[in-house]
Each structure stands twice: as C-alpha cells, then as structure tokens.
Amino acid sequence: MEALSAEEPRELGPYRMRARLRETGTARVYLAHGADGRGVSVTAARPDLAALPAFRSRFRDEARAAERLAGPWVAPVLATGPEEWLPWLATPFAAALTLAEAVALTGPLPEATVRTLGAALATTLERAHSVTGAAFQGLGADVVLLTADGPLVTAFGVLGGASAASAGEGGRLGVTVGYLTPEQVAGEKPGPAADVFMLGMLLAYAAGGAGPFDAGPADAAAHRIAHSVPDLTPVPAALRPLLGRCLAKAPGARPSPAEVAAELVPGGVDAVLPDAWLPPVVATAIAERAAQARELPGMTLGGTVLWPADAAPGAAPVPAAPQTAPATPPAPDTAPPLPTWSAPQPFPQPTPAPAAPTGASPLSRITADRRSLLTAGLASVAGLALGAGAVLAFDGDDGDSKSPAVDAKPVARPQPVPGTPPTARWGYAVPGGKLLGTPLAQGAVLVVPGAALTGVDLRTGKQLWNRPELAGVAQLQPADADLAFGAGPTDFTWFAVADGSIRQKVAYTSLTPGMGTPEVRAHEGTTVWFTATAGKDSALYAYDIAHRTVLWRRPLGRGETFEWATAYGGQLISRRPAASPPKGARQVLGEFFAVDPKTGKDVWSRTYGSVLPTDPAVLTPDGTLLTQAGGGLQAFDLTTTNPRWQHPKGKSAYGTPGPGKGVVYVPDNGTQLTALGAADGQQRWAATTDLALGTPVETRTVAGASGRTVLALDPFQVTAFDAASGERLWKFQDAGTKEESADRGVYRAVVAGADTAVVWHGATLYALPVS
C-alpha cells in the first residue's frame with residue numbers, strides 16, 4: 001500500500017482514491033471508498049491503453065465476465081465505468097497479500113495451504129470454463145490474493161492476467177500473457193487445459209518456492225516448458241503426482257479442474273475454510289494491512305475484509321454505489337490531472353528480498369522493498385521469466401485476439417480438450433430478469449414465461465416476439481399444433497405460438513365464483529387437471545382446453561393435495577396418506593389412487609410395500625412405480641402392487657429416479673448417478689458428477705430425446721453422461737455462487753428436439769447439444 005502520486009486520479013465514478021495497492025501489466029489498483037465509507041478496490045486502466053478501442057472492447061468483455069463469474073473465491077463486481085475517460089472496475093476491498101508477496105515473505109507455503117488454494121482456484125476455473133468454454137487466462141502470482149477468509153481471484157481474462165501491454169500500429173493492442181504452455185510454444189491458441197497447466201505451475205511455486213522450469217537460462221524457458229520434465233523436487237511428495245499431471249505436455253493428458261479440486265480437498269474447500277488456513281506470518285501481515293486501511297480518512301468499516309456490513313464473504317455484496325457510473329468526466333474544477341503513467345518496464349532478474357530488521361513486522365518487510373519483492377514473486381513462477389511470455393494481438397476494430405506470437409513458429413490447429421463443455425448454441429436472458437416457470441418447447445419455438453411472455457427461435461435463440469400484456473402467464477401446455485395454453489394471474493389464456501397473439505381468455509371467476517389462481521397438476525391430450533381454492537373450499541378440476549369447458553369438479557378430501565400427480569392411461573394417478581397405518585406399522589403409508597377421467601371419482605386405491613406419502617416416486621410409461629422406500633430403491637407393478645426389484649438393499653440415499661429408454665437413472669444425495677435396467681433393476685453403470693460437496697444435494701435427471709445422453713442436474717451444475725457407458729462427457733455451469741444456487745434450486749432442463757436441451761438456473765437460458 002503506497003501513497004498516491006501527484007498525477008494519479010483522486011476520483012473515479014463515485015469513488016475516492018485513498019492509496020495505491022498494486023500495479024498490473026495493464027492497470028493500477030487503488031484502495032478507495034464511496035460516500036458510505038465502504039472500502040473498495042478500484043482497478044483503473046493505464047491512460048495510454050485506455051485510448052485504444054481494442055483495449056476498451058476487451059475491458060468491457062472482462063468486466064462482463066467478472067459479473068458472470070461472481071461466486072466463491074472471485075472478487076464480486078460492485079460497479080464499472082468501462083466508457084469513462086479512464087475505464088475502471090470496483091470490487092469490495094479485501095485485506096490481502098498477493099501469492100507473490102506471501103511466498104516472498106515466508107518462502108514455500110504449508111501443504112495444507114497449497115491444497116486449499118489449489119482447490120479454490122480449480123473450482124473457479126471449472127466455473128469459468130463452463131460459462132465460456134474457452135481459456136480463462138486470469139491466473140497469476142500477482143492477481144491471486146490470499147485473505148483471511150480464503151483466496152480471491154481478481155483478474156477475469158487476458159487483460160487482468162497480462163504481465164505487459166502496449167499499443168501497436170493501427171490501434172492494435174499487444175498483450176503479453178505472463179506464462180507459456182507447451183501448446184503455446186508450438187504456436188497453438190491456448191484452450192481450457194492451458195489454465196490447468198498454469199495452475200500446476202502456480203501450485204508448484206507456492207509449495208516449493210520456485211517454479212518447476214526455473215533451472216537454466218531465462219531465454220531457454222520456452223524450450224524447457226515444451227520439452228523438459230518439471231522439477232517438482234521442492235514440492236511435498238503427496239502433491240507431486242497431481243501437479244505432474246497438471247504439467248503434462250499434452251493438453252488432453254491433464255486433469256479437469258474438478259478432478260484437481262476433488263483430489264486436493266476431497267471434502268470441499270468450504271469444509272476447511274477459514275480455519276487458520278494461512279501460516280501465521282502471512283496472517284499477521286494481512287491483519288496489519290487491514291489496520292492500515294482502517295486508518296485512512298473516510299474508511300468507516302473494520303475487519304480483515306472490508307465487506308458491506310450486511311454481506312458475508314462469498315455472497316453478493318450490497319453495492320457501495322450505483323452499478324452504472326456517470327459517463328461524463330469529472331467537472332473541471334475537481335478533476336485530477338490526466339495521469340501519465342509509463343508502460344510497465346520488464347522486471348529485472350530476481351534478487352533476494354532484504355531481511356526485515358529485528359523486531360520489524362511482516363508488513364514492514366513487504367513495504368520496505370516493494371520492487372524486490374515483486375521481482376522475486378513474479379519472476380520465480382515458471383513462464384513468467386523474461387523471454388517466456390506469449391504476445392497476443394487484438395484488432396483495433398473488434399478486439400478479437402490473433403494468434404499468439406512465440407518464437408515466430410507457425411500456428412497449429414488447436415485440438416479439442418476432452419471434457420470441455422460444448423459451446424452453447426445460444427443463450428437468452430429472460431426479459432425482466434425472472435423466469436416464472438418451465439418454458440414450453442413447441443415446434444420451432446420456445447415460449448418463455450417471465451415479466452413478459454416471449455417466443456424464442458429454438459434454432460438461433462433470437463427473440464421472435466414479446467408480449468408484455470401476457471405478463472405472469474405460466475404453467476404452459478400445448479393446446480394444439482399451433483396454440484398454447486397458460487394460467488395467468490386472473491385468466492386462462494390461449495395464444496398463438498408463432499407470434500404470441502391472444503386467441504381467447506377465460507376468467508377463473510367464470511368457472512367458480514371467487515376462484516384464485518389455479519395450480520396445474522397434470523396434462524394429457526386436451527385435458528388439464530388443476531387444483532384451485534375459492535374462499536375456504538379447495539377442489540380438483542378436470543378441464544378440456546380444446547373446448548374450454550370444465551369436465552368435472554371434485555372437492556379435496558382429507559390429505560388430498562395432488563402435489564404428486566401424473567397422467568397414466570387416461571387416468572390421473574395421485575397419492576394421499578392412508579386412513580390408518582397397517583397392523584404393526586408405526587407410520588401411515590402412502591395410498592396411491594386413480595381418478596376416473598369422466599367423473600372424477602376414485603377408480604382404485606392401493607398401497608405399495610412400505611412407501612410413505614413423502615417418499616420420492618416416479619411412474620414410468622410402462623406402468624412401473626419407482627420409489628425410495630424400505631431401505632433402497634424399489635420398483636412395483638402399478639396394477640398388481642407386486643414388487644419387481646429392489647436395488648440395493650440397505651441403502652436409503654437415493655433421490656428422485658428418472659426414466660429413460662429401458663433404463664432408470666438414479667441419483668443419490670451426493671455425486672453418484674446409477675443406471676439400472678428398468679425391467680430387472682440390474683446395474684448398467686455408475687458414475688460421478690465429481691462435485692466437491694459439503695452437504696447433500698438434490699439431483700434430477702433428464703434423458704435426451706435421442707437416448708444417447710443423460711443429464712444430471714443439481715444446484716451447482718449440469719453434468720452430461722454417455723447413456724450407454726456412463727462416461728462423463730462434460731459439465732456446464734452458469735457461474736452462480738453456492739449461495740445463489742441454494743436460493744434458485746436445482747438446474748432445470750427441457751428437451752427441445754432430438755439433439756438439444758435447454759437448461760437454466762436463474763434467468764438465462766442456454767441451448768446445449770446433447771447428441
């Protein structure tokens with residue numbers, strides 16, 4: 001932390017600069033605060049780069065990426081000013097040391113610290129890769145922060161992770177990424193596996209105090225990276241096998257980020273943080289840095305991390321200022337002089353940091369010789385040595401990156417990385433930011449219920465129509481080939497799928513005086529079964545959506561909620577608590593019953609084994625009732641109630657089973673998915689989502705229409721498996737935090753066509769290929 005110089009800005013957007021925290025290859029980072037005194041870190045672009053359209057374009061892209069990647073171990077974005085005279089981005093201030101500072105201060109970090117650090121960074125990479133399918137390129141010893149509450153990533157792409165940048169001819173932007181991978185040395189564009197290689201170098205550096213390719217002349221670093229075996233001798237023996245795989249020459253031989261996280265911290269990082277995860281000397285230096293920040297004028301919050309008072313680390317903080325700052329520069333009488341920072345100069349070869357004077361604090365050792373510390377930290381990481389960086393060129397028109405320039409070798413065609421999520425065919429943000437129910441895929445249109453009802457082209461993701469007058473219409477069902485049906489706040493509504501035009505409305509009060517908004521329970525053909533309340537009376541209705549008529553009304557009896565209901569053979573099948581427990585039983589069983597489609601009267605009622613009213617249950621198209629009861633997953637014949645099979649005995653950790661073509665997909669409450677034969681219950685395969693968990697999760701499955709792919713959907717990700725072999729194909733995440741995930745529930749999906757699944761987790765829809 002250093003005092004501001006005369007040419008540096010005093011205000012950016014709503015924030016007032018108080019001190020300089022650090023400098024990167026493209027920006028300077030300041031400690032600042034807004035009108036409420038909350039501490040923020042403001043990353044401000046270098047003025048010479050801010051004049052380049054290519055830089056501004058990349059800055060905007062990385063600011064958007066930062067917002068999408070908000071979550072554990074990523075600094076959340078409070079506000080941005082990408083169009084201002086000096087582009088900037090603000091995040092909550094975290095009292096911290098960079099990884100480079102920590103290693104320079106204390107030497108190799110303890111194995112437990114490295115494991116926690118590595119698992120957190122790997123989880124962040126997995127989230128980034130799932131969102132973009134491309135390399136993150138935001139890791140580095142100077143952009144990874146160590147805080148008392150855990151690590152933080154503060155760069156969101158190639159600009160943030162750059163070691164240097166400069167303007168070129170024609171307004172082009174040249175960016176030097178501070179590391180190399182074997183594929184970059186070969187002239188290939190880095191893919192997601194390049195981030196795993198960089199992660200391996202960072203962890204080797206953190207655990208051993210030196211990079212795995214440091215030995216030898218700096219100008220030969222690229223050759224060592226491409227051809228030499230990494231030197232992991234200083235690394236603890238238990239970490240060497242994993243880091244060796246991360247540093248494999250072939251991208252496809254490297255583990256996925258999820259595999260790295262699971263091997264480093266099997267129980268999940270949440271289970272080990274923040275209990276004394278840092279060595280004492282680093283923790284003390286961080287505490288001193290927090291104390292320094294609190295002493296600055298205008299700072300009103302205390303604590304190691306200066307988050308808003310009502311936001312916990314890892315949660316989305318309350319903005320300290322409006323999300324969009326004014327686009328006009330400060331008034332002439334208050335604006336600071338335009339900074340004239342020079343481009344960063346190459347760091348000299350590393351020199352040992354001076355020893356701290358006797359009795360000096362850890363922080364004084366850091367501030368005593370900042371340049372030598374940064375030199376030791378940055379240049380020690382393999383690939384950050386002089387002459388070992390890859391230069392990316394960005395066009396002045398659109399900012400697209402060109403081929404990396406490394407030793408003038410020809411560019412090779414990059415190979416796909418196994419396990420990389422497929423590129424989404426399109427993404428669609430729901431207008432108003434809220435999805436009100438399950439979208440309806442009908443023909444070539446996806447109808448999306450939200451603040452307005454919208455129609456989306458299933459092939460391109462382009463919005464075809466938008467109907468604000470249909471706001472709140474949800475519970476969508478197909479009415480015929482061209483019409484759809486939905487329930488709005490006061491009316492049933494029929495509309496054309498092609499353009500959203502309203503064809504008819506029927507007020508609920510015209511069906512039963514005082515009737516409130518119904519809950520659709522099941523749909524088959526032209527019949528919709530729904531429950532609704534009028535005053536104190538609740539009833540089940542059968543409604544013909546083709547002729548717009550009520551077929552019958554059945555008052556709800558004791559325990560009849562129809563929350564579990566499915567159409568089968570023209571009947572509505574549901575369940576309720578049985579009138580009394582069977583002889584010798586301690587609990588009331590679940591009684592399944594069928595409702596006559598013409599009269600609404602009971603046709604039959606039955607109990608199955610020891611199935612309770614709340615046990616997860618699924619009825620397959622062939623009349624098999626699948627449920628978790630009696631110590632395992634059981635299958636019953638719906639007609640005879642005879643057990644068909646049970647798998648396995650003595651286990652009760654299954655979730656809701658999902659039927660496929662001749663197969664039943666059964667998730668547990670953790671990370672495993674098992675495929676069982678629908679007829680005999682024999683195991684076909686078992687696979688894992690490889691999600692590091694601290695608590696049980698709900699998982700659901702959706703089988704692709706082609707039968708070749710099955711999706712497992714939990715609160716944090718979508719995992720695709722080969723339906724025949726159980727091979728894990730890829731993962732997809734929309735970058736929500738764990739806190740957000742818990743609020744938004746499990747990922748959802750609808751099958752749209754033979755080879756597409758539309759998934760969502762919040763208010764953005766993605767079309768993913770599943771064939």
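How much accessible surface does the protein have, and what percentage of that surface belongs to carbon and sulfur atoms?

**Figure 1. The whole protein, shown as a predicted model.** The accessible surface of the protein comes to about 30700 Å², and carbon and sulfur atoms account for 53% of that area. The protein contains 13 helices and 45 strands, and of its 771 residues 54% are buried. When contacts between residues at least 6 apart in sequence are considered, 54% of them join residues that are at least 24 apart.

**Figure 2. Helix H3 beside helix H6.** Helix H3, which spans residues 99-106, and helix H6, which spans residues 192-208, have axes that come within 9 Å and cross at roughly 25 degrees. Because angles under 35 degrees count as roughly parallel, H3 and H6 are described as roughly parallel to each other, and their crossing is left-handed.

**Figure 3. The residues that join H3 and H6.** On the H3 side the contact involves Leu99, Ala100 and Val103, which meet Leu202, Tyr205 and Ala206 of H6. The residues of this contact between H3 and H6 comprise six that are nonpolar, with no polar and no charged ones.

**Figure 4. Val144 and its surroundings.** Val144 lies in strand S8, which covers residues 144-147, and is buried, having a relative accessible area of 0%. Leaving aside residues up to four places away in sequence, Val144 touches Leu97, Thr98, Leu99, Leu117, Leu121, Leu139 and Leu152. Leu121 is 23 residues from Val144 in sequence, while the two are 8.8 Å apart in space, C-alpha to C-alpha. Leu99, one of the residues touched by Val144, is also among the H3 residues that meet H6.

Definitions and conventions: Residues numbered from 1 in each chain as written. Predicted model: local features only at pLDDT ≥ 70, side-chain atom pairs only at ≥ 80, totals over all residues. Heavy atoms only, no water. Helix = DSSP H or I, 4+ residues; strand = E, 2+ residues; numbered from the N terminus. Buried < 20%, exposed > 50% of the residue type's maximum accessible area, 1.4 Å probe, protein only. Contact = heavy atoms within 4.5 Å. Areas by Shrake-Rupley, 256 points an atom, 1.4 Å probe, with all protein chains shown as cover. Axes fitted to C-alpha atoms, helices over the stretch in contact; angles between N-to-C directions. Parallel < 35°, antiparallel > 145°, perpendicular 65-115°, else oblique. Left-handed = near helix turned anticlockwise from the far one by under 90°. Nonpolar A, V, L, I, M, F, W, Y, C, P; charged D, E, K, R; others polar.
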